[in-house]
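Hi,

Here is the structure I promised to send over. Have a look at it first, and then read on for what turned up.

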Amino acid sequence: MAKRKKKRPREKAATVEYVDADGNRLALRETLSRGTIRKIGAGPATAATSQEDAWRRRAELLFERLAVSWEIAGLPLEDQQMLLGRYRMADAATQHWVRETIARHLERYIPELAEGG
């Protein structure tokens, strides 16, 4: 009988915190795994995906993989489903701020996923 490998506790990834004009705080991971970078960089799975759908899915995927916590109006969110749900229901200005923040974050920490990279 083969021995089972003991699971090592995952080290928490280092995060960077960004604050918007209203004082809301968004914490993003500094790094992603090679597999995640490959998946995000691969683009849409089918040719039937419209350019807008692909762009929106990439934005959500980046948010989903990078966001660790988001404090809005003093309410901290850390659950991944809650974070993504809050992002989806955010107003256009908030979503724009998040996308711009993630774009700057990628340029600095994960340049292979930056739009120009």
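So, how are helix 2 and helix 4 oriented to each other? Keep in mind that this is a predicted model. Helix 2 covers residues 51-66 and helix 4 covers residues 92-109, and the two pack at an angle of about 70°. An angle from 65 to 115 degrees counts as roughly perpendicular, so helix 2 and helix 4 are roughly perpendicular to each other. Their axes are 11 Å apart, and the crossing of helix 2 past helix 4 is left-handed. On the helix 2 side, the contact is made by Trp55, Arg56, Ala59, Leu62, Phe63 and Leu66, while helix 4 brings in Gln95, Val98, Arg99, Ile102, His105 and Leu106. Sorted by class, that contact has 8 nonpolar, 2 polar and 2 charged residues.

The other spot to look at is Asn24, in the loop between strand 1 (15-19) and strand 2 (25-29). Asn24 has 12% relative accessibility, so it counts as buried. Its side chain reaches the backbone nitrogen of Ala73 at 2.9 Å. If you skip the neighbours within four places in sequence, Asn24 is in contact with Tyr18, Val19, Glu71, Ile72 and Ala73.

As for the whole protein chain, there are 4 helices and 4 strands, and along the sequence they follow the pattern β-β-α-α-β-β-α-α. Of the 117 residues, 31% are buried. Among contacts with a separation of 6 or more, 57% link residues 24 or more positions apart.

Cheers

Terms used: Residues numbered from 1 in each chain as written. Predicted model: local features only at pLDDT ≥ 70, side-chain atom pairs only at ≥ 80, totals over all residues. Heavy atoms only, no water. Axes fitted to C-alpha atoms, helices over the stretch in contact; angles between N-to-C directions. Parallel < 35°, antiparallel > 145°, perpendicular 65-115°, else oblique. Left-handed = near helix turned anticlockwise from the far one by under 90°. Contact = heavy atoms within 4.5 Å. Nonpolar A, V, L, I, M, F, W, Y, C, P; charged D, E, K, R; others polar. Buried < 20%, exposed > 50% of the residue type's maximum accessible area, 1.4 Å probe, protein only. Polar contact = N/O pair within 3.5 Å; in protein donor to acceptor, adjacent residues only side chain to side chain.
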